[in-house]
Amino acid sequence: SPTKPSFPEDYVVPDVWEFEEQEGAMGGMNRPTAGARHEKALPKGDHDIQLYSLGTPNGIKITILLEELNDLKGVEYDAWKISIFDLEQFGSEFVQINPNSKIPAMLDTSFDPPLRVFESGSILKYLAEKYDAFIPADVRAKVECYNWLMWQMGSAPYLGGGFGHFYSYAPVQIKYAIDRFSMESKRQFDVLDKHLATNKYMCGDEISIADFAIWPWILCVQKFYKGADKFLKLEEYKNLAKWMALIGERPAVQRGMRVNGFVENSIAERHSRADFDAVDTATTEGDEK
């Protein structure tokens with residue numbers, strides 16, 4: 001068969017792959033092996049739920065749900081910031097909770113020994129079941145909720161690790177890679193837009209963990225991949241835009257975005273509802289000076 005062109009031009013696929021240090025914003029994180037890279041203990045707070053996370057889309061999913069649970073049932077939790085850019089996800093105690101070294105990771109200390117929960121979809125499902133909220137009671141609606149939750153878990157790598165990586169973070173611009181993942185991202189937007197044409201939320205008239213799972217990833221394209229909303233013509237998806245605004249106006253969602261986050265008025269750690277007030281007061285006093 002004819003030889004394919006390569007990028008870079010002198011690259012030849014070897015018979016056996018060998019690891020080389022990668023460039024780019026995420027290069028230092030990537031290794032072909034798992035496990036702890038350094039010894040580091042994790043802090044512990046007073047609440048049953050101990051969250052170790054960062055305000056990325058996968059982290060925001062969890063803090064949105066926890067803030068919604070705070071509004072609905074008064075649930076409190078401790079959220080500790082894990083800087084993936086400082087490779088804190090490879091600390092020894094974090095890896096004990098999540099052997100995959102990805103945020104978010106969580107402990108439920110109401111169990112002895114504490115119960116570990118990792119992978120964002122698993123954490124969403126666990127918390128919703130534990131506190132009996134944001135999963136529909138009707139069997140058809142519940143299955144639909146899990147359908148869309150699993151859809152998001154399977155789709156996110158194309159949107160984040162695919163499009164987001166090659167559009168925003170890769171050390172070189174590769175047309176084939178950007179085109180491939182742009183096409184898939186727009187297909188996902190169209191799936192959502194068509195579904196939301198006849199549904200207020202992902203599971204009909206009732207908000208659920210499916211909404212909390214999907215919303216932060218669309219927000220990421222809107223806000224965090226600079227220029228991506230224009231590049232992908234996100235404004236064309238009218239039903240998706242309406243749903244994004246509906247979810248985004250919820251007070252708990254707005255607070256959830258701030259926890260361990262990057263947005264304005266973020267709080268690095270969250271141990272009670274009062275932490276938001278403390279940051280807001282300090283910001284107001286600073287503005288008045």
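Me: Before we look at anything else, what do "buried" and "exposed" stand for?

Reply: Buried means under 20% relative accessible area, exposed means over 50%, and partly exposed lies in between. Keep in mind that we are reading a predicted model.

Me: Thanks! Which residues of α8 are buried, and which exposed residues does the face turned away from them carry?

Reply: An α-helix has 3.6 residues a turn, so residues three or four places apart point the same way. Now the case at hand: L240, W243, M244 and I247 are the buried residues in α8. They sit on the same side of α8, because the arc they cover around the axis is only 105 degrees. The face turned away from that buried side carries K238 and K242, which are exposed.

Me: What covers the buried residues of α8?

Reply: The cover includes α5, α6 (209-224) and α9 (251-258).

Me: How do I read the way two helices pack, say α5 and α8?

Reply: Two packed helices are described by the angle between their axes and the distance between the axes. Helix α5 spans residues 175-196 and helix α8 spans residues 238-248; they pack at an angle of about 75 degrees, with axes 7 Å apart. That makes α5 roughly perpendicular to α8, because angles of 65 to 115 degrees count that way. On the α5 side the meeting residues are F189, L192, D193 and L196, and on the α8 side they are K238, N239, L240 and W243. Sorted by class, this contact has five nonpolar, one polar and two charged residues.

Me: And at what angle do α4 and α6 pack?

Reply: Helix α4 (residues 139-169) packs with α6 at about 20 degrees, and their axes are 8 Å apart. That makes α4 roughly parallel to α6, since angles under 35 degrees count as roughly parallel. Their crossing is left-handed. Among the contact residues are W148, L149 and W151 of α4, and A213, I214 and W217 of α6. By class, the residues of this contact divide into twelve nonpolar, two polar and no charged.

Me: Now the backbone. Which peptide bonds here are cis?

Reply: Most residues other than glycine have a negative phi, and most peptide bonds are trans. Here, the bond from F7 to P8 is cis, with omega near -5 degrees, and P8 lies in the segment before β1. A cis peptide bond also joins I103 and P104, with omega about 0 degrees. You will find P104 in the loop between α2 (92-97) and β3 (105-108).

Me: Which residues have a positive phi although they are not glycine?

Reply: One of them is E119, with a phi of about 80 degrees. E119 is in the loop between β4 (115-118) and α3 (120-130), and is partly exposed at 34% relative accessibility. Another is F134, with a positive phi of about 65 degrees. F134 lies in the loop between α3 and α4 and is buried, with a relative accessible area of 11%.

Me: Let me try one. Is T56 buried or exposed?

Reply: T56 has 18% relative accessibility, so it counts as buried. T56 lies in the loop between β1 and α1 (57-73). Leaving aside neighbours within four places in sequence, T56 is in contact with I103 and F262.

Me: How far apart are N30 and E68 in sequence and in space?

Reply: They are 38 residues apart in sequence and 34 Å apart in space, C-alpha to C-alpha. N30 lies in the segment before β1 (49-53) and is partly exposed, with a relative accessible area of 33%. Not counting residues up to four places away in sequence, N30 touches F19, Q22 and R37.

Definitions and conventions: Residues are numbered from 1 along each chain as its sequence is written. This is a predicted model: local features need pLDDT of at least 70, side-chain atom pairs count only at pLDDT 80 or more; totals for chains, interfaces and linings use all residues. Side-chain values use heavy atoms; hydrogens and water are left out. Axes are lines fitted to C-alpha atoms, for helices over the stretch in contact, and angles run from 0 to 180 degrees between N-to-C directions. Helices (H or I, at least four residues) and strands (E, at least two) are DSSP runs, numbered from the N terminus. Angles under 35 degrees count as roughly parallel, over 145 as roughly antiparallel, 65 to 115 as roughly perpendicular and the rest as oblique. Contact means heavy atoms within 4.5 Å. Ala, Val, Leu, Ile, Met, Phe, Trp, Tyr, Cys and Pro count as nonpolar, Asp, Glu, Lys and Arg as charged, and the others, Gly among them, as polar. Buried means under 20% relative accessible area, exposed over 50%, partly exposed in between (1.4 Å probe, protein chains only). The arc is that of the directions from the helix axis to the C-beta atoms. A crossing is left-handed if the near helix is turned anticlockwise from the far one by less than a right angle, and right-handed if clockwise.
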